[in-house]
Amino acid sequence: MTARPRGPLAEGERVLLVDRKDRRYLVRLVAGGSFQSHAGVLEHDELIGSEEGSEHVARQRDGGGGPGRRFLVLRPTLSDLVLKMPRGAQVIYPKDLGAILVAADVFGGARVLEAGVGSGALSMALLGAGAEVVGYELREDFARRARANVAEALGPAAPYRVEERDVYEGISEVGLDRVLLDLPEPWRVVGHAEEALLPGGILLAYLPTINQTAELRERLARSCFGLAETFEVLRRTWHLEGRSVRPDHRMVAHTGFLTTARLLSTKGG
Ligand code: SAH
(Lines give C-alpha, C1' and ligand atoms only; values in the text may rest on other atoms or scores of the structure.)
Protein backbone atom coordinates (compact mmCIF):
# COMPACT_ATOMS: atom_id res chain seq x y z
CA MET A 1 0.00 0.00 0.00
CA THR A 2 1.26 3.48 -0.73
CA ALA A 3 1.84 5.69 2.30
CA ARG A 4 -0.02 8.96 2.49
CA PRO A 5 1.83 12.10 3.56
CA ARG A 6 1.30 13.37 7.09
CA GLY A 7 2.45 16.46 8.97
CA PRO A 8 2.77 19.96 7.51
CA LEU A 9 1.74 20.40 3.88
CA ALA A 10 4.66 20.14 1.48
CA GLU A 11 5.40 21.51 -1.94
CA GLY A 12 4.16 19.22 -4.73
CA GLU A 13 1.22 17.86 -2.73
CA ARG A 14 -2.36 18.26 -3.85
CA VAL A 15 -4.57 20.01 -1.34
CA LEU A 16 -8.25 20.80 -1.06
CA LEU A 17 -9.24 24.42 -0.49
CA VAL A 18 -12.72 24.89 0.98
CA ASP A 19 -14.42 28.27 1.18
CA ARG A 20 -17.14 29.35 3.62
CA LYS A 21 -19.85 28.25 1.20
CA ASP A 22 -18.29 24.77 0.98
CA ARG A 23 -17.02 25.32 -2.56
CA ARG A 24 -14.06 23.00 -3.03
CA TYR A 25 -10.95 23.37 -5.17
CA LEU A 26 -8.21 20.80 -5.74
CA VAL A 27 -4.84 22.54 -6.06
CA ARG A 28 -1.24 21.34 -6.38
CA LEU A 29 1.15 23.33 -4.19
CA VAL A 30 3.98 24.94 -6.16
CA ALA A 31 6.57 27.27 -4.58
CA GLY A 32 5.85 30.81 -5.76
CA GLY A 33 2.43 29.78 -7.12
CA SER A 34 -0.87 31.40 -6.36
CA PHE A 35 -4.49 30.26 -6.28
CA GLN A 36 -6.86 32.73 -7.88
CA SER A 37 -10.61 32.70 -7.46
CA HIS A 38 -13.47 35.18 -7.38
CA ALA A 39 -12.84 35.32 -3.61
CA GLY A 40 -9.27 36.60 -3.99
CA VAL A 41 -5.71 35.30 -4.24
CA LEU A 42 -3.95 32.81 -1.94
CA GLU A 43 -0.19 32.40 -2.16
CA HIS A 44 0.95 28.77 -2.19
CA ASP A 45 3.97 29.80 -0.09
CA GLU A 46 1.59 30.59 2.76
CA LEU A 47 -0.01 27.14 2.49
CA ILE A 48 3.27 25.21 2.19
CA GLY A 49 4.40 24.29 5.70
CA SER A 50 0.98 24.94 7.26
CA GLU A 51 -1.08 22.29 9.04
CA GLU A 52 -4.12 20.52 7.64
CA GLY A 53 -7.28 22.20 8.85
CA SER A 54 -5.70 25.64 9.09
CA GLU A 55 -7.53 28.69 7.80
CA HIS A 56 -6.06 31.21 5.37
CA VAL A 57 -7.35 34.59 4.27
CA ALA A 58 -7.23 35.37 0.55
CA ARG A 59 -5.89 38.74 -0.58
CA GLN A 60 -8.33 40.74 -2.67
CA ARG A 61 -7.35 40.84 -6.30
CA ASP A 62 -7.49 44.59 -6.81
CA GLY A 63 -5.11 45.04 -3.87
CA GLY A 64 -7.44 47.28 -1.86
CA GLY A 65 -10.51 47.03 0.33
CA GLY A 66 -9.32 44.73 3.12
CA PRO A 67 -8.94 40.96 3.22
CA GLY A 68 -10.72 38.54 0.90
CA ARG A 69 -12.54 35.39 1.97
CA ARG A 70 -11.27 32.63 4.19
CA PHE A 71 -10.28 29.17 2.98
CA LEU A 72 -9.64 25.98 4.89
CA VAL A 73 -6.79 23.81 3.61
CA LEU A 74 -6.86 20.01 3.94
CA ARG A 75 -5.46 16.96 2.22
CA PRO A 76 -8.16 15.56 -0.10
CA THR A 77 -9.99 12.34 0.82
CA LEU A 78 -10.63 9.59 -1.73
CA SER A 79 -14.16 11.00 -2.19
CA ASP A 80 -12.77 14.49 -2.85
CA LEU A 81 -10.36 13.09 -5.46
CA VAL A 82 -13.01 11.00 -7.20
CA LEU A 83 -15.38 13.94 -7.52
CA LYS A 84 -12.68 16.42 -8.57
CA MET A 85 -10.29 14.42 -10.77
CA PRO A 86 -10.39 14.60 -14.56
CA ARG A 87 -12.98 12.13 -15.81
CA GLY A 88 -14.03 11.03 -19.25
CA ALA A 89 -16.33 8.17 -18.29
CA GLN A 90 -18.93 8.34 -15.53
CA VAL A 91 -17.20 7.49 -12.24
CA ILE A 92 -18.62 5.25 -9.54
CA TYR A 93 -19.79 7.53 -6.75
CA PRO A 94 -18.21 7.41 -3.29
CA LYS A 95 -21.42 6.01 -1.71
CA ASP A 96 -21.16 2.99 -4.00
CA LEU A 97 -17.36 2.65 -3.77
CA GLY A 98 -17.58 1.95 -0.04
CA ALA A 99 -20.35 -0.62 -0.52
CA ILE A 100 -18.42 -2.32 -3.33
CA LEU A 101 -15.33 -2.83 -1.15
CA VAL A 102 -17.38 -4.70 1.46
CA ALA A 103 -19.82 -6.52 -0.89
CA ALA A 104 -16.91 -7.83 -2.97
CA ASP A 105 -14.89 -8.41 0.23
CA VAL A 106 -11.79 -6.71 -1.16
CA PHE A 107 -8.87 -7.49 1.13
CA GLY A 108 -5.19 -6.56 1.36
CA GLY A 109 -3.26 -8.53 -1.29
CA ALA A 110 -6.43 -9.64 -3.14
CA ARG A 111 -5.85 -10.25 -6.87
CA VAL A 112 -8.56 -8.27 -8.62
CA LEU A 113 -9.53 -7.92 -12.26
CA GLU A 114 -11.47 -4.76 -13.00
CA ALA A 115 -13.27 -3.98 -16.30
CA GLY A 116 -13.92 -1.35 -17.64
CA VAL A 117 -11.63 0.96 -15.86
CA GLY A 118 -13.03 4.32 -17.04
CA SER A 119 -11.41 7.17 -15.13
CA GLY A 120 -10.03 4.89 -12.42
CA ALA A 121 -12.24 5.89 -9.47
CA LEU A 122 -12.97 2.29 -8.51
CA SER A 123 -9.31 1.40 -9.15
CA MET A 124 -8.26 4.00 -6.57
CA ALA A 125 -10.64 2.56 -3.96
CA LEU A 126 -9.44 -1.01 -4.63
CA LEU A 127 -5.77 -0.06 -4.44
CA GLY A 128 -6.43 1.98 -1.31
CA ALA A 129 -7.88 -1.17 0.28
CA GLY A 130 -4.63 -2.99 -0.54
CA ALA A 131 -5.69 -5.01 -3.60
CA GLU A 132 -3.46 -5.76 -6.60
CA VAL A 133 -5.41 -4.61 -9.64
CA VAL A 134 -5.32 -5.55 -13.32
CA GLY A 135 -7.67 -3.44 -15.41
CA TYR A 136 -9.09 -4.15 -18.87
CA GLU A 137 -10.29 -1.06 -20.72
CA LEU A 138 -11.49 -0.82 -24.32
CA ARG A 139 -10.59 2.80 -24.89
CA GLU A 140 -7.00 3.89 -25.07
CA ASP A 141 -7.76 7.44 -23.87
CA PHE A 142 -9.59 6.17 -20.77
CA ALA A 143 -6.82 3.67 -20.00
CA ARG A 144 -4.28 6.49 -20.14
CA ARG A 145 -6.36 8.77 -17.95
CA ALA A 146 -6.95 6.03 -15.36
CA ARG A 147 -3.20 5.32 -15.15
CA ALA A 148 -2.52 9.03 -14.72
CA ASN A 149 -5.25 9.50 -12.09
CA VAL A 150 -4.00 6.50 -10.09
CA ALA A 151 -0.34 7.53 -10.31
CA GLU A 152 -1.26 11.02 -9.21
CA ALA A 153 -3.29 9.81 -6.21
CA LEU A 154 -1.22 6.82 -5.07
CA GLY A 155 2.20 7.22 -6.66
CA PRO A 156 3.83 5.24 -9.47
CA ALA A 157 4.54 2.18 -7.30
CA ALA A 158 0.88 1.18 -6.83
CA PRO A 159 0.30 -2.47 -7.95
CA TYR A 160 -1.77 -1.44 -10.96
CA ARG A 161 -1.69 -2.46 -14.61
CA VAL A 162 -4.22 -1.42 -17.25
CA GLU A 163 -4.46 -3.29 -20.55
CA GLU A 164 -6.30 -1.97 -23.57
CA ARG A 165 -8.54 -4.88 -24.40
CA ASP A 166 -12.10 -6.18 -24.57
CA VAL A 167 -13.02 -8.30 -21.54
CA TYR A 168 -15.89 -9.87 -23.52
CA GLU A 169 -13.22 -11.70 -25.53
CA GLY A 170 -11.66 -13.36 -22.50
CA ILE A 171 -9.56 -13.00 -19.36
CA SER A 172 -5.90 -14.06 -19.47
CA GLU A 173 -5.34 -13.95 -15.71
CA VAL A 174 -6.00 -17.07 -13.63
CA GLY A 175 -6.23 -17.58 -9.88
CA LEU A 176 -8.09 -14.33 -9.33
CA ASP A 177 -9.83 -13.55 -6.06
CA ARG A 178 -12.29 -11.00 -7.44
CA VAL A 179 -13.71 -9.83 -10.78
CA LEU A 180 -15.36 -6.40 -10.70
CA LEU A 181 -17.36 -5.21 -13.71
CA ASP A 182 -18.60 -1.75 -14.62
CA LEU A 183 -19.63 -2.12 -18.26
CA PRO A 184 -22.88 -2.58 -20.21
CA GLU A 185 -23.05 -6.37 -20.76
CA PRO A 186 -21.45 -8.15 -17.78
CA TRP A 187 -23.32 -11.39 -18.62
CA ARG A 188 -20.81 -11.75 -21.46
CA VAL A 189 -18.03 -12.02 -18.84
CA VAL A 190 -19.62 -14.69 -16.62
CA GLY A 191 -18.11 -17.62 -18.56
CA HIS A 192 -14.64 -16.02 -18.57
CA ALA A 193 -14.88 -15.25 -14.85
CA GLU A 194 -15.68 -18.92 -14.14
CA GLU A 195 -12.30 -19.82 -15.60
CA ALA A 196 -10.33 -16.95 -14.10
CA LEU A 197 -11.59 -16.91 -10.50
CA LEU A 198 -10.54 -19.21 -7.70
CA PRO A 199 -13.35 -21.27 -6.14
CA GLY A 200 -15.11 -19.06 -3.61
CA GLY A 201 -14.10 -16.00 -5.63
CA ILE A 202 -16.53 -13.13 -6.01
CA LEU A 203 -17.91 -11.50 -9.14
CA LEU A 204 -19.44 -8.06 -8.69
CA ALA A 205 -21.20 -6.00 -11.34
CA TYR A 206 -22.42 -2.42 -11.20
CA LEU A 207 -25.29 -1.64 -13.60
CA PRO A 208 -27.41 1.46 -14.14
CA THR A 209 -30.68 -0.32 -15.04
CA ILE A 210 -32.65 -3.19 -13.56
CA ASN A 211 -33.21 -4.71 -17.02
CA GLN A 212 -29.47 -5.24 -17.37
CA THR A 213 -29.38 -6.55 -13.82
CA ALA A 214 -32.12 -9.09 -14.57
CA GLU A 215 -30.23 -10.27 -17.65
CA LEU A 216 -27.08 -10.74 -15.57
CA ARG A 217 -29.00 -12.64 -12.87
CA GLU A 218 -30.46 -14.99 -15.49
CA ARG A 219 -27.01 -15.72 -16.85
CA LEU A 220 -25.63 -16.24 -13.32
CA ALA A 221 -28.46 -18.69 -12.59
CA ARG A 222 -27.16 -20.81 -15.50
CA SER A 223 -23.53 -20.73 -14.28
CA CYS A 224 -21.25 -22.11 -11.59
CA PHE A 225 -21.90 -18.98 -9.52
CA GLY A 226 -24.24 -19.04 -6.55
CA LEU A 227 -25.36 -16.94 -3.57
CA ALA A 228 -26.27 -14.11 -5.93
CA GLU A 229 -27.48 -10.86 -4.37
CA THR A 230 -28.60 -7.54 -5.83
CA PHE A 231 -28.95 -4.25 -3.94
CA GLU A 232 -28.71 -0.49 -4.29
CA VAL A 233 -27.34 2.12 -1.91
CA LEU A 234 -29.52 5.10 -0.96
CA ARG A 235 -27.63 7.79 0.91
CA ARG A 236 -29.72 10.61 2.34
CA THR A 237 -27.84 13.46 3.98
CA TRP A 238 -29.34 15.61 6.76
CA HIS A 239 -29.46 19.31 7.42
CA LEU A 240 -28.64 20.18 11.04
CA GLU A 241 -28.74 23.84 11.95
CA GLY A 242 -30.16 25.08 15.26
CA ARG A 243 -33.71 23.77 15.53
CA SER A 244 -33.91 22.89 11.88
CA VAL A 245 -33.05 19.20 11.87
CA ARG A 246 -34.37 17.35 8.83
CA PRO A 247 -33.26 15.45 5.73
CA ASP A 248 -31.71 17.58 3.00
CA HIS A 249 -34.15 18.40 0.20
CA ARG A 250 -32.01 16.95 -2.53
CA MET A 251 -30.31 13.61 -2.85
CA VAL A 252 -28.67 11.48 -5.52
CA ALA A 253 -31.60 9.11 -5.86
CA HIS A 254 -30.12 6.68 -8.36
CA THR A 255 -26.69 5.65 -9.55
CA GLY A 256 -26.61 1.89 -10.07
CA PHE A 257 -27.53 -1.59 -8.89
CA LEU A 258 -24.86 -3.82 -7.39
CA THR A 259 -24.91 -7.57 -7.94
CA THR A 260 -22.55 -10.07 -6.35
CA ALA A 261 -22.15 -13.84 -6.73
CA ARG A 262 -19.62 -16.44 -5.59
CA LEU A 263 -17.95 -19.09 -7.68
CA LEU A 264 -19.09 -22.38 -6.13
CA SER A 265 -17.16 -24.85 -8.28
CA THR A 266 -14.98 -24.66 -11.35
CA LYS A 267 -16.53 -25.44 -14.73
CA GLY A 268 -17.32 -29.09 -15.19
CA GLY A 269 -15.96 -29.80 -11.69
N1 SAH B 1 -15.67 2.19 -12.84
C2 SAH B 1 -15.09 3.30 -13.55
C3 SAH B 1 -15.98 3.80 -14.67
C4 SAH B 1 -16.20 2.79 -15.79
S5 SAH B 1 -17.15 3.44 -17.14
C6 SAH B 1 -14.76 4.41 -12.56
O7 SAH B 1 -15.17 4.32 -11.40
O8 SAH B 1 -14.09 5.36 -12.93
C9 SAH B 1 -17.24 2.02 -18.17
C10 SAH B 1 -15.98 1.74 -18.93
O11 SAH B 1 -16.06 0.44 -19.49
C12 SAH B 1 -15.74 2.69 -20.10
O13 SAH B 1 -14.49 3.29 -19.94
C14 SAH B 1 -15.73 1.77 -21.33
O15 SAH B 1 -14.79 2.16 -22.32
C16 SAH B 1 -15.36 0.42 -20.72
N17 SAH B 1 -15.80 -0.77 -21.43
C18 SAH B 1 -17.01 -0.97 -22.01
N19 SAH B 1 -17.05 -2.21 -22.55
C20 SAH B 1 -15.87 -2.80 -22.28
C21 SAH B 1 -15.31 -4.09 -22.59
N22 SAH B 1 -16.00 -5.01 -23.29
N23 SAH B 1 -14.04 -4.38 -22.16
C24 SAH B 1 -13.33 -3.45 -21.48
N25 SAH B 1 -13.81 -2.21 -21.17
C26 SAH B 1 -15.06 -1.89 -21.58
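The structure holds 18 salt bridges. It is a predicted model. One of these salt bridges joins E52 and R75, whose closest N and O atoms lie 2.9 Å apart. This pair links distant parts of the chain, 23 residues apart: E52 sits in the loop between α1 (44-47) and β5 (54-59), and R75 in the loop between β6 (67-74) and α2 (78-84).

## Domains and their interface

The domain assignment of the protein chain gives domain 1 as residues 14-74 and domain 2 as residues 78-263. Their centres, taken over C-alpha atoms, are separated by 34 Å. On the side of domain 1, 6 residues take part in the contact, and domain 2 contributes 5 residues.

About 550 Å² is buried between domain 1 and domain 2, and carbon and sulfur atoms give 52% of that area.

Between domain 1 and domain 2 the count is 2 salt bridges. The side chains of R24 and D80 meet in a salt bridge, with an N to O distance of 3.2 Å.

In terms of secondary structure, β1 (14-19) and β2 (24-28) each supply at least two residues to the side of domain 1 that touches domain 2. The strand that gives the most to this side is β2, with 4 residues.

## The seven-stranded sheet

An open sheet is formed by 7 strands in the order β9-β8-β7-β10-β11-β15-β12, and the pairing is mixed. Strands β9 (160-164) and β12 (225-231) stand at the edges, each with a single partner strand, so one side of each is left without a neighbour in the sheet. From one strand to the next, the twist averages 15°.

Within this sheet, strands β11 (residues 197-207) and β15 (residues 257-263) run antiparallel and are joined by 6 bridges. In that pairing, F257 of β15 is the bridge partner of L207.

| Helix | Strands touched | Direction angle |
|---|---|---|
| α3 (residues 94-103) | β10 (176-181), β11, β12 and β15 | about 160° with β11 |
| α7 (residues 210-221) | β11, β12 and β15 | about 10° with β15 |

Helix α3 touches β10, β11, β12 and β15, while helix α7 touches β11, β12 and β15. The edge strand β12 is therefore among the strands in contact with helix α3 and with helix α7.

## Hairpin and local backbone features

Strands β3 (residues 34-37) and β4 (residues 40-43) pair in the antiparallel sense over 4 bridges. They form a hairpin with 2 residues between them. S37 has G40, in β4, as its bridge partner.

Two backbone features remain to be noted. Most residues other than glycine have a negative phi, and most peptide bonds are trans. D22, which is not a glycine, has a positive phi of about 65°. This residue, D22, is found in the loop between β1 and β2, the two strands that each supply at least two residues to the side of domain 1 touching domain 2. The peptide bond from A115 to G116 is cis, with omega near -20°. G116 lies in the loop between β7 (111-115) and α4 (121-128), and β7 is one of the strands of the open sheet.

Methods: Residues are numbered from 1 along each chain as its sequence is written. This is a predicted model: local features need pLDDT of at least 70, side-chain atom pairs count only at pLDDT 80 or more; totals for chains, interfaces and linings use all residues. Side-chain values use heavy atoms; hydrogens and water are left out. Two strands pair if DSSP finds at least two bridges between them. Axes are lines fitted to C-alpha atoms, for helices over the stretch in contact, and angles run from 0 to 180 degrees between N-to-C directions. Contact means heavy atoms within 4.5 Å. Domain bounds come from an automatic or database domain assignment. Buried area is the accessible area (1.4 Å probe) that two parts lose on being put together, summed over both. A salt bridge is a side-chain nitrogen of Lys or Arg within 4 Å of a carboxyl oxygen of Asp or Glu.
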